Structure formats: structure tokens, C-alpha cells
Amino acid sequence: MERKRNYYTTITKRLLVAFFCLSVVPIACFAWIMKGSVEETNIIKLNELATSTIEHRAEVITQFLKDKINTLSMLVTLYSEDYFFNKENVEKVFLAMNSKGDIVDLQVIDVTGFQHAYVGPYRAKIEGKKYDDAPWFRETLISGVHVSDVFMGFRNTPHFVVAVTDPLKNYVLRATINSSIFNSLLHSAQLGPHGDAFIVNRVGELQTPSLLGKTDLSETDKTLLAFENNSSSIITSTDISATRSIDNGHWQLVVTANIADSLHYYLRLRDKIISIVIAISLISMIAATFVSLVLSKNIERADKEYATLGLQFVQVEKMATVGRLAAGIAHEINNPLQMITNQAGWISELLPDEDPTLVKNLGEYQKAVQQIKHHVQRAGTITHRLLGFSRKMSSQQEKVQVNELLLETVSFVERQAGYDNITIVKNLDNNLPGTMTDGPQLQQVFLNLINNAIDAVGHGGKIELSSKTSRDGKLVLEFADSGPGIKPENIKQIFDPFFTTKDPGKGTGLGLYISYDIIQKLGGSITVANRKGGGAIFTIVLPVISFGESK
Amino acid sequence: MNEFCVLVVDDEDEFREMTSKILTKRGLIVMSAESGEKALEILEHKRIDVVLLDVKMPGMDGIETLRQIRSLKPLVEVLLLTGHASVESGIEGMKLGAFDYLMKPIETDPLLEKLEEAYEKKRLHQEKIDQALLKKHMSMPL
């Protein structure tokens with residue numbers, strides 16, 4: 001039993017594993033691949049975005065600076081040195097070129113570094129200062145055009161300048177770029193809340209404030225600066241950094257995008273996928289568990305039914321064999337019995353002829369012959385019963401109301417049962433249909449079963465008889481008793497001929513065999529079981545044969 | 001009791017012998033045959049009232065013998081005797097017109113009773129036939 005239980009548990013487990021492999025694993029794999037590919041795509045997209053953003057921004061910034069340089073170059077070409085040394089003229093020019101506020105102030109400085117004119121808000125701090133030492137001033141005189149790095153200067157705030165000198169290098173025209181406007185050019189380069197965009201010079205000093213408020217460059221950013229060429233990008237686990245040189249490699253524009261930022265949408269998607277996968281997995285595992293349990297239960301039930309059927313088949317087969325054997329033996333015994341009868345008969349024919357005075361023990365002989373006849377008769381009764389001779393198969397069957405037959409049979413034994421204080425309970429279905437069958441033989445079976453029950457329950461016992469119609473329209477008769485029940489080892493042999501548990505001489509052991517045989521011949525079946533509450537229950541199932549249908 | 005003639009048909013010698021002895025002692029005229037063929041032969045030449053016929057015999061069996069007896073001598077009553085299980089053969093015999101069938105072992109008294117019944121039936125039957133014949137003769141115009 002334990003082994004069987006393990007077997008079914010194993011089946012359940014295997015089914016579960018199979019279901020798991022077939023449902024949960026593919027879903028999980030699919031989800032995993034989805035997750036990976038979405039993530040990868042995201043990074044590629046982000047990199048593309050960063051690269052295109054930086055290209056665009058670089059163009060805008062370059063254009064901005066070029067614009068300023070062009071304006072200044074145009075001015076120095078248009079006007080002479082004398083014109084710019086006049087402060088009023090410079091103010092006019094400043095107002096004309098600075099309609100957008102891109103420039104903070106405008107200065108005119110001669111080659112010695114002396115400042116001739118200043119227009120702008122820092123007049124007090126700057127007027128009259130000399131610039132002959134300023135690196136940007138020297139650079140401008142050398143190159144003719146110069147865009148400076150950010151420096152503090154006299155005004156003591158970070159700023160950078162665009163300066164040009166006239167073709168004869170007599171003076172320098174210098175414009176300070178409005179940092180806030182310039183910086184705002186980078187704002188739109190910010191990719192996501194944790195993205196950054198800034199400009200550094202060749203030595204790695206920030207030329208515009210980091211959008212994230214950084215003051216120093218990270219190692220990654222420094223690596224980027226090592227690339228001298230036009231543009232490049234680096235992907236780390238957290239960030240994508242793109243860089244591009246602007247202003248002829250004088251500056252580097254750096255755009256950093258945080259992967260987590262851009263993955264925000266993806267993460268939401270991923271969480272959704274994960275929760276859906278978990279939900280589907282849970283549901284399918286619950287379904288799989290349910291199906292597995294149901295399946296293994298069904299298998300178990302089918303096995304049980306099969307086993308029961310097998311047992312029934314064996315029982316029927318055995319009974320048939322036993323029946324043939326018994327009939328064969330009975331037949332072989334009948335002939336010798338006939339001879340014994342004949343011989344004994346012959347003796348009893350002749351004995352009366354003897355002279356009683358000459359035969360001393362005549363009476364004894366006669367008695368002995370009678371005994372021989374009696375015992376032959378006994379043996380003959382048994383062989384006849386075995387052969388079924390005493391149960392003549394009446395060829396004509398009659399319409400029988402089983403309930404009536406049952407009540408009639410009970411009436412035969414009621415008196416005897418009353419002596420022993422045995423209660424006979426009758427639960428009969430009044431709507432039981434009549435059937436064409438052999439009434440007297442059926443009654444013999446009922447009598448056998450009820451008598452057995454009476455013997456089993458003993459004094460004060462209880463016998464329950466019930467009749468009903470089964471779902472498939474057969475008659476079901478039950479004979480239940482409150483006796484000790486049947487021992488498990490006996491239950492298989494209970495219908496065998498000559499099997500009896502009664503005291504020797506009390507029963508022939510043929511009652512149930514004959515009952516079995518009769519019910520079989522009537523097309524029904526008889527089974528026995530022990531009741532849960534104690535006692536045995538015999539169940540007869542009979543087909544309902546309507547008139548004209550009988551064989 | 002009227003004396004009547006019984007033919008015992010059985011393949012077992014001892015049975016035939018003993019049955020003949022007992023029935024003769026009871027005052028019947030008894031003949032015996034060990035096979036169906038022999039029985040038919042005797043029936044043709046002798047006046048037999050009742051045949052005691054064993055169902056199971058080698059060669060021609062009881063049922064076949066019965067069938068032939070019925071066609072040969074319809075008035076002769078046949079009593080089947082069987083030690084065999086086949087109730088069916090008994091039923092078949094009855095259908096073929098056997099008077100009754102008996103199961104071995106059977107004692108002298110019940111056997112004799114059955115034989116007498118059979119003879120009585122045969123006798124009544126014969127009587128009716130005789131009367132009918134008589135009537136026929138009587139009604140014949142002289």
C-alpha cells in the first residue's frame with residue numbers, strides 16, 4: 001500500500017515537473033530574452049541619442065562662437081582704429097550688435113595693452129586696466145582671432161572672451177560672452193534628470209558648469225578627453241558618455257546620459273513583464289498541480305477498478321471451474337451410488353424370504369440395509385444439489401415482484417427470528433418494477449441469505465433488508481446483518497462449494513454456492529462485503545426483464 | 001398389480017442385472033439391452049410396455065434411442081434415467097415425449113412407482129385406442 005502511494009506520488013511529481021517544463025520554463029526563458037534584448041536595445045538607442053545630441057549641440061555652439069567671431073571680424077574690417085578709440089562709437093556698435101544680449105561687454109585695447117574704450121556693466125572695475133600681460137591678449141595678437149578659456153580676470157567672475165585684432169594689429173576688439181546664454185545652449189543636451197552636459201578645455205577644466213553641479217571630472221570623463229579625434233563614446237554599467245571636440249579641438253563637449261534614467265520606462269516594462277510572468281507561472285502551476293492531482297487520482301481509481309474487475313473475473317472463472325469439477329465428481333459418484341442402492345435393494349428384497357428362525361440376526365441385517373439406503377440417499381442429496389438437479393430450471397419464467405417475494409420469505413423465518421429477539425428491518429422501495437425471473441429459485445436464495453444472517457447475528461441481533469433500483473435500472477437487494485462479519489481470509493472462498501464456517505454437521509457449505517449459481521443463471525450478480533459498522537452485507541443485483549423479453 | 005413388461009437399457013452390466021433381478025422379484029417381466037440398437041431390435045419383436053433408458057451410453061445415446069423408439073413404437077412409454085448433470089438432456093427428453101426422467105441413485109420403491117405410473121398411462125392410452133377401434137367396428141354397417 002505504501003509502495004503504491006509512493007507510486008502515485010511519483011506520478012504526480014513527474015506530471016508537475018512536465019507541466020513546469022512545458023509552461024513555466026518557456027515563459028521564463030521568453031521573459032529573460034525579452035528583458036535582455038529590451039535592455040540592449042535601450043542602450044544602443046541611448047548611445048545613438050547621445051551621439052546625435054552631441055553632434056547637434058556641437059554644431060550649435062560652434063555656430064554661436066563663429067557668429068561672434070564673424071561679427072567682431074566684420075567690425076574691425078569696417079571701422080578704423082580711430083573710430084573705435086572713440087567711446088561713443090563703441091557704445092553705438094555695442095548696442096547694434098548686442099540686440100540679443102549675447103555679449104556682456106565690449107572693449108577696445110591698443111597693442112600696448114592699454115584699454116581705450118569699455119562698454120558694459122563692469123566699468124568701475126575694468127576702466128583703465130592694462131592687458132599687456134593677459135594670456136588671451138597675447139594669443140589674440142599672435143593669432144588675430146581668439147576664444148579664451150574661462151578665467152576670473154579683473155571683474156573677478158568666471159567668464160570667457162572672444163577677441164579679434166585688425167589686420168594691421170593696431171588694436172584688439174574684445175567681447176565677453178554672456179555665460180548664462182552660452183551655458184543655456186547646453187541645457188537641451190541634458191538627457192534625462194541624471195544626464196550631464198558640459199565643456200572642458202584641454203587640461204580638463206570645466207568651461208561651463210556641470211548640469212549636475214560637478215566641480216571635478218570623473219575618471220571616465222578624463223579617459224574621454226584622451227581621444228583627440230572628432231567624437232567618441234564610452235558605455236559603462238551606469239552611464240553613456242559621448243564627447244566631441246569643438247572650436248578646433250580647443251574645447252571638448254561632453255554629454256553624459258545615465259542608463260538608469262533612460263531605462264526608466266524599460267524598468268517599468270520589465271517589472272510589468274516580471275509580475276505577469278510570475279502571475280502566469282503561479283496560475284499555471286496551480287492549474288498544473290490541480291490537473292496532476294486529478295490525473296493521478298484518476299489513474300489510481302482506474303487502477304483500483306481494474307484490480308477489482310480482475311478479482312471479479314478471477315472469481316467468476318474460479319466459480320465456473322469449481323462448478324464443472326463438482327458436477328464431474330457428482331456424476332462419477334452417482335453411478336456407484338446407484339449400484340450400492342441396487343445391491344442394498346436386492347438384499348432387502350431377499351431378506352423377507354429368509355426363515356427368521358434360521359437367520360439369527362435378521363433384524364440387524366434389515367436395519368443395516370436401511371442404514372445403507374439412508375446414507376446413500378444422503379450422498380445422493382448432496383450430488384443432486386451439486387448437479388443442480390434439485391433446482392429444476394423451470395423453462396417458464398414468471399412475473400415476480402421481488403418485494404413480495406422477499407416479504408413472503410421473511411414470513412417463513414419471522415417466528416424463529418422472534419424467538420431469538422432478532423429484529424428484521426425492511427427498507428423496501430415500493431416503486432420497484434417487477435421482472436421475469438424464476439420465483440422459487442430466487443426465494444431459495446433469499447431464504448439462504450436470511451437464514452445465514454439469522455445464524456450470524458445471534459440473540460438480539462438486527463437484520464436489514466433493502467431493495468432499490470440502481471441508476472442503470474437494475475434491481476439491487478441488500479441483506480445486511482449486525483453479526484461479526486466475515487473474516488478477510490474467508491471472504492474470497494465464501495461462495496465456494498463445501499466452504500463453511502459453521503460447526504461440523506450444521507451446514508453443508510452449499511447454501512451460498514447454490515445461491516451464487518442461481519443468481520448467475522438468472523443473469524444477476526451477488527457480492528459480499530463487510531460493513532463499516534460491523535456485520536456483513538450481501539448485495540444481489542438482478543436485471544429487470546420485462547414480459548416477452550425473457551429467454 | 002398388473003404384470004407388465006419392462007425393457008432395461010443400460011451399458012452397465014451389473015446395473016442391468018440387479019435391476020432385472022429386483023423388478024422380476026417384484027413381479028414384472030423384465031428384459032434388458034446393453035445398447036440402443038439392441039433395445040430397438042427387441043422392441044420390434046417383443047411386446048414391451050415401458051422402457052427404462054439410460055441417457056448416457058456409448059454409441060447411440062439415450063436421447064437418440066428415445067427418438068427412434070417414439071417413431072417405432074409411439075405407445076411405449078419411456079422413463080429416462082440419468083446420472084449426468086445435464087438437466088438440459090432431461091428437459092430435451094421430456095420434450096421428445098419421455099414419460100419422466102429420474103436421477104441416479106434411485107431406490108427400488110420410487111423406481112417401481114414411476115414404472116407403474118408409466119404403465120398406467122400406457123394402458124389408458126391403449127384402452128382408448130381399443131375403444132375407438134371397437135366403436136369403429138361397431139358403427140360399421142353389416
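1. In chain B, Gly36(B), Ala39(B), Leu40(B) and Leu43(B) of helix H2(B) meet Glu64(B), Thr65(B), Gln68(B), Ile69(B) and Leu72(B) of helix H3(B), where two residues are in contact if their C-beta atoms, placed from the backbone, lie within 7 Å. By class, this contact has 5 nonpolar, 3 polar and 1 charged residues; Ala, Val, Leu, Ile, Met, Phe, Trp, Tyr, Cys and Pro count as nonpolar, Asp, Glu, Lys and Arg as charged, and the others, Gly among them, as polar.

2. The model is predicted, and local features need pLDDT of at least 70, side-chain atom pairs count only at pLDDT 80 or more, while totals for chains, interfaces and linings use all residues. Residues are numbered from 1 along each chain as its sequence is written, and chains are lettered from A and ligands numbered from 1 in the order in which they are written.

3. The axes of H2 (residues 36–45) and H3 (residues 62–72) of chain B come within 10 Å and cross at roughly 15°, the axes being lines fitted to C-alpha atoms, for helices over the stretch in contact, with angles from 0 to 180 degrees between N-to-C directions. The two helices H2(B) and H3(B) are therefore roughly parallel to each other, a term that covers angles under 35 degrees.

4. Chain B has 5 helices and 5 strands, and from the N terminus on they run β-α-β-α-β-α-β-α-β-α; helices (H or I, at least four residues) and strands (E, at least two) are DSSP runs, numbered from the N terminus.

5. In chain A, 5 strands form an open sheet in the order E2-E1-E5-E4-E3, with antiparallel pairing, two strands being paired if DSSP finds at least two bridges between them. Strand E2 (115–119) and strand E3 (145–147) of chain A stand at the edges, each with a single partner strand, so one side of each has no neighbour in the sheet. The antiparallel strands E3(A) and E4(A) (residues 161–165) are joined by 3 bridges, and Val147(A) stands opposite Val162(A) in E4(A).

6. Helix H1 (residues 2–78) of chain A lies across E3, E4 and strand E5 (171–177) of chain A, and runs at about 30° to E4(A). Helix H5 (residues 135–143) of chain A also packs on the sheet, its direction making about 40° with that of E4(A).

7. Where the chains touch, 18 residues come from chain B and 24 residues from chain A. On the side of chain B, helix H1 (13–25) and helix H4 (87–95) each supply at least two residues, and H1(B) gives the most, with 7 residues.

Key. Parallel < 35°, antiparallel > 145°, perpendicular 65-115°, else oblique.
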